Amino acid sequence: MKKLTGIFAFLCLLYVLILAFTDQEAWGSNNFNLTKRIGIYGISCLGAGLLIVTGGVDLSIGSVICFCAAIFSWLVVDHHVPIPAAIVVVLLSGALIGAVNGFLVTYLGLQAFVVTLCGLFAFRGAARWILNDEIPRIAAPIADWSAFFNGSFLSISIFLWLLLGLFVAGSIFLHFTIHGRYFFAIGSNERAARYSGINVDFYKILAYVLCSFFAAIAALMDVFSISSVQASSTGNFMELYAIAGAVLGGCSLRGGEGITVGMLIGTAILCLLRNLIQMAEIKDSLEPVVIGVALLVCAIIDESLRRGLSWRDLLSAPQQLWERWTRG
Amino acid sequence: MPPHLCATGIDKAFPGVRALQNVQLEIQSGEVLAVVGENGAGKSTLMKILAGVYQPDAGTVEMDQRPIVVRSVKEAEHLGIVLIHQELNLAGDLDIAGNIFLGREPTWGGLLKLIDQRRLHDNAAKIANRLGLTIPSRTLVHQLSLGQQQLVEIARAISLQSRLLILDEPTSSLTETETARLFSVLKELKTQGISILYISHRLKEVEIIADRVVVLRDGKNAGELRRGEINHRALVQLMVGRELKQFFQRQHQAKTPLARTGIEVKDLRWLPAQPGITFTIEPGEIVGMAGLMGAGRTELAQTLFGVRRKLTGAVTIDGKPIAVRKPADAIAAGIFLIPEDRRIEGLILTDSVKHNISIASLPALSRFGFLQRSREERLAEAMCERFMVRTPGIGQMVGNLSGGNQQKVVLAKWLSRTPKLLILDEPTRGIDVGAKSEIYALMDDLAHQGAGILMISSDLEEILGISDRVLVMHAGTLAGSLHRAELTEEAIMHLATGGESRT
């Protein structure tokens, strides 16, 4: 709880800074763009977070997003498939990819890191192949849909509504059903979970399915948001943002820890950091540096608090380290 | 001839246990000295003190009549004392020579420290010759059989100019030919003046290989047998021979006959070359399962519970065959397991008492998959009360509780339902006396309600104290079954150490 309030305070601070760096007339449009971004990133983060709670990890999220977007455009542009049908196909392919990942991790006992690293390469390549390395003319066929999704309801963007809906569903699943409880049990101590009669393999596969399914939703939102698909850039680094958001929000990569609100706040922090860099006219190229450093600092603070250190210990730690070094 | 190594008055205590009290041990050069004793008699502790793993609280060790202090494994190796663990310590991806000289490779090229492959393999070949090893020294260790790997460990010890070799249960995973092979190597080493401390549960092997046997019991010297006196019966008598204290009194020992037939296990095997295991447990019966470490008791429990895959065998409950492929199947059939290592298999230490108690009963505590927390809390409260779990509250992290209370949480996890067969694997290990008798009372009560109970234990006192019947395992198979009337420590140890069944 202490951690949650901490990162929430950080989020608020970032937002105030953004407002300070932005012209007052631009507040509205900036807010709107921000919520769109948070919507897309938040959904992939939610999927990654659910998986991380079980002790799994998925490095293929970004490539799966690109692959799903590619399938969607191939169906809609090249084959004139009705959009609702295309959406269903894309969502199903996402779930199927997750099922395959989960199968490889549980039944074949492969390492999640390795399996999804292969996915990271393979799905990006598959997307390029499907799109023939060209940028499809998708804007026209999906114009109506993209207008709807880019709109707002009660002055909140549709993307954010979607995220909130999925967030509520994910929260109920993770924190109020026995399935969520099993996720935590498996992530904390897989062996004890197995000895308690939990169908560990099933739940681990389910976690991978959810992760890739959410990635597929994020892919559709991305396409509707910018009306474009590009094999080389769509979904780039999304897996890293998703994992970073979950970790910022209090998930432990060792599994068994995490809360959905935290994932939401973590994603928002990442998006706001990026926005702040644009607004404060810091060099765009520095953005990954800022995010990397922010994440590292959070990890250090988190680990220190976990070991029972106080803030005062933390502040004096560098000095102590320096003394030990110079003495040695 | 003065002894090569002589330890006198060795004391060692761990929190809550006096592992060794005033233990004496002498070994001549070129002698094979076997050290035997029950589980927990202090054999391993003594060996680890000699090898520098532990420091004794009191006592002295002399080598060649000079006092020595062994502060680390490295120092011990320097003195020529090498301990070879039961679990081998080899780098599987290196070859034989690389393992023998790991950390001591001959080098050239000055600071570059390039490995002198030729000298490495020449030296390895010399040592292999001494042991009569014929495998090329470039063979990777993971391609060797367990017996061959053991010889590589011994070769490493020889290369350290070892004069005292300590072998902890060296044959526990060897085949008979490999064991014979090991023995001929040991005999060869003997003629070279190397002393061997040989720890084993397998008394037959001790009879074959040992020049002298030292028996430990409850951390003290219990006796010594010389070459001509070593036989199974004499050894067992020295190993047990303890006064039986007043133990837990069963309330319901007189069994009420029930119509059900209970649990029948037929021809169960989990290893290819294993004789099938067959036994029955009647409803209301507490069956103790004795055996020495590595006899396969835990594996049997895991197989019955579906954690370990069985190769053959049938299990029936009340005449109905059940198919157990995973723990959920066993649980559905009414077989519950209280696992051996509660901290790894029984509990989620970082989670609360409440969540740990409810984890196996969640479907019953939910509606349409939604967890009903108030019911979960009521269950946890009720179970904590019934099992007298001492905890500040049900929200407390289980890792913060004492061992006894942790074990009670594991029991509470299962016993909101009545099992048909409850398997307890070392249920009272590391638990204080009060919690122990509470757990016995619970088993007694469950048996009275008609559950069959299989209690695996290395504590003979406990086995004798509360079992209606005892099954004894030895080397992966059932060595025999003893009824209450025939239950003595001697009878159990006789079977557990590979003695012939007398019935």
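Of the 328 residues in chain A, 46% count as buried, a residue being buried if 20 or more other C-beta atoms lie within 10 Å of its own, exposed if 12 or fewer, and partly exposed in between, with C-beta atoms placed from the backbone. The model is predicted: local features need pLDDT of at least 70, side-chain atom pairs count only at pLDDT 80 or more, and totals for chains, interfaces and linings use all residues. Residues are numbered from 1 along each chain as its sequence is written, while chains are lettered from A and ligands numbered from 1 in the order in which they are written.

Chain A contains 14 helices and two strands; helices (H or I, at least four residues) and strands (E, at least two) are DSSP runs, numbered from the N terminus. The C-alpha trace of chain A spans about 70 × 60 × 40 Å along its principal axes. Among contacts in chain A with a separation of 6 or more, 79% are between residues 24 or more positions apart, where two residues are in contact if their C-beta atoms, placed from the backbone, lie within 7 Å.

The domain assignment divides chain A into domain 1 (26–281) and domain 2 (288–323); such bounds come from an automatic or database domain assignment. The centres of domain 1 and domain 2 of chain A, taken over C-alpha atoms, are 30 Å apart. Six residues of domain 1 of chain A are in contact with five residues of domain 2 of chain A. On the domain 1 side, α11 (238–248) and α12 (260–279) of chain A each supply at least two residues.

Helix α10 of chain A (residues 200–226) has 27 residues and should span 39 Å at 1.5 Å a residue; its end C-alpha atoms are 40 Å apart, which agrees. The expected span is 1.5 Å times one less than the number of residues. Because 24 of its 27 residues are buried, α10(A) is largely enclosed by the rest of the structure. A:S227, with a positive phi near 50°, follows α10(A).

The largest nonpolar core has 246 residues, and those with the most contacts inside it are A:C68, B:L165, B:I166, B:L197, B:I423 and B:I492. The largest share of this core, 20 residues, comes from α10(A). A nonpolar core is a set of buried Ala, Val, Leu, Ile, Met, Phe, Trp, Tyr and Cys residues joined through C-beta atoms within 7 Å. Leaving aside neighbours within four places in sequence, B:L197 is in contact with residues including B:I27, B:M47 and B:I166.

B:I286 lies in strand β15 (residues 286–291) of chain B and counts as buried because it has 26 C-beta neighbours inside 10 Å. The C-alpha atoms of B:I286 and B:D444 are separated by 7.8 Å, although these residues are 158 residues apart along the chain. B:E229, in the loop between β12 (220–226) and α8 (232–239) of chain B, has 12 C-beta neighbours inside 10 Å and therefore counts as exposed.

Between the chains, 21 residues of chain B are in contact with 16 residues of chain A.
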